Structure formats: structure tokens, C-alpha cells
Amino acid sequence: MDVSIVLTMLAVGLILGFVGAGGSGFIISILTLLYGVSVHVALATALTAMIFSSLSGAVSHYREGNVSLKSGISVGILGALGAWIGSNLSSFILEGELKWLTAGMLLLSGVLLWLRMFLFSRQQKERTVPTGAKFVVYSLLIGLITGALSGMFGIGSTPFIQLGLMMVLGLSIRQSAGTTMLVIIPIAIGGGMGYYQQGFLDIPLLIQVVVGTMVGSYIGAKFTNRVPAPVLKTSLVALPICSSFLLVI
């Protein structure tokens, strides 16, 4: 076992647990930049690792009262299917192109989060929470779309999930952070199965990533309720943008 990978992933897990992010995009950038892992293997390993780190983070967030079970389960149902479909489509994308596409998606997600939290929030003082059939339809659509993005580009699509939870389902920023960890679990399972079937999943590397991120994300989730909201907002935006730039270095 490479201890340096475990320790690096422990530090990564602390950040991901704090912001409520599955963070596979961040993990992909670290694996490719620091350890020379190929993009497809990094995508498969990072996304599958999210099963375990997100489970750890979701439990911690649930105990802190940051998880909406109804929203999380509803969005995650089709999220798994979308991720499986997206992971199978990913094998048709060349490695060089996939690296740039993944970086582009991470950058876009950061920009969208910034627009939502720092511009649109001033215009929406009261959140509208859908109910009944509208809630079900919106939840399934969010799950299918974000799941497909996760599977195809190897990212947990955390910012897109959080945007959907905040803007469409009316969750607060802290609820969206915690609930996203729950949503990522079925998405990571569906995407991981697809990549495993294609032979891109490196089991020894996966174990090292999981050991570090699980411990780190559980501890990091304890800080979500203990820091000012502006700090959490800035961290949510900065994470995918930094991951994007690291990936293209």
C-alpha cells in the first residue's frame, strides 16, 4: 500500500466532508497530476470511491441534521441509472478529449454555483418547495441528469446536484451540502458498476483512496455547522474550479 496516497486522500477527504462534496473531480485531478494515473482509470477509481466516502460523510451530516432523506432518496433513484448509462458512454471518448471535457464540466459547475449563491440568492429571499407529483418529477429529472454527468465525466457532479437541491427543491445551503452526500451514494454505485464492466477499475488503488477519504470526510463533515455560511459558500465554489485547473496542468 502506498502510504503517501492514503495520507493525500485523508487531506482530500477533510475538504470534501466539510463542503458536502463527493469530490471525485478533485480526486481525479490529484491522481492524474501527482501519481500519473490514466484519466479513465482515475475516473473509475474516483467515482467508485465516492460510494464509501459519501456514505461516511452522509452519516456524519445526518447526525448533524443536514440531510433531507426525502429529497436524497428521490434524486438518487434515477441517479444510479443515469450514472451507469454515462459510464458506458465514457469509454467511447478518447483520453485526451475526456480530460478536457471533465475539466470543462468542473469549471462550469463552479461558475454556476457562484452565480446561484452570490447573485441569485439576493433575488430569492424565500425558497419555493415543490410538493406532490411536481416534487417527484423534479427529483427524478435532477437524478437522471446529474447521474449521467457523473458517469460520463467521472465527476460526482456535486455542484449540479446542490444547485438542483437549492434552486428546484428549495433546500438550504447546509441541507444541500448534507443531502448531496446521500445522493452521490447510488450515483457512485451505478457509475462504478459501469466502469468495472469496462475493466477500468483499479482495485488496489481504490482501496488506498477509500481508506483516506472515508476517514477524512467523516471528520470534515463535523465542521460544516461550525463555520460561517460565507466560508462554506466560498469553499463550494472554489473546489470544482481548483480541480479544473489542476486537471489541465
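View 1. Helices (H or I, at least four residues) and strands (E, at least two) are DSSP runs, numbered from the N terminus. Keep in mind that this is a predicted model: local features need pLDDT of at least 70, side-chain atom pairs count only at pLDDT 80 or more, and totals for chains, interfaces and linings use all residues. Residues are numbered from 1 along each chain as its sequence is written, and side-chain values use heavy atoms, with hydrogens and water left out.

**View 2. The bend in α3 and what follows.** At I51, α3 bends by about 35°; that is the angle between axes fitted to the seven residues ending there and the seven starting there. The helix is mostly covered, with 20 of its 25 residues buried (under 20% relative accessible area, with exposed meaning over 50% and partly exposed in between; 1.4 Å probe, protein chains only). After α3 comes G65, which has a positive phi, near 80°.

View 3. T45 lies in helix α3. Leaving aside residues up to four places away in sequence, T45 touches L201, D202, L205, L206 and V209 (contact means heavy atoms within 4.5 Å).

**View 4. The largest nonpolar core.** A nonpolar core is a set of buried Ala, Val, Leu, Ile, Met, Phe, Trp, Tyr and Cys residues joined through side-chain atoms within 4.5 Å. The largest one here has 49 residues, and M9, V12, I27, L31, L169, L205 and V209 touch the most other members. Helix α3 (residues 39-63) gives the largest share of this core, 10 residues. Zoom in on V12 and you'll find it touching F26, I27 and I30, not counting residues up to four places away in sequence. A second, separate core has eight residues, among them F18, L163, I173 and L236.

**View 5. Stepping back to the whole chain.** The protein chain has 10 helices and zero strands. Of its 249 residues, 55% count as buried. Among contacts between residues at least 6 apart in sequence, 86% join residues at least 24 apart.
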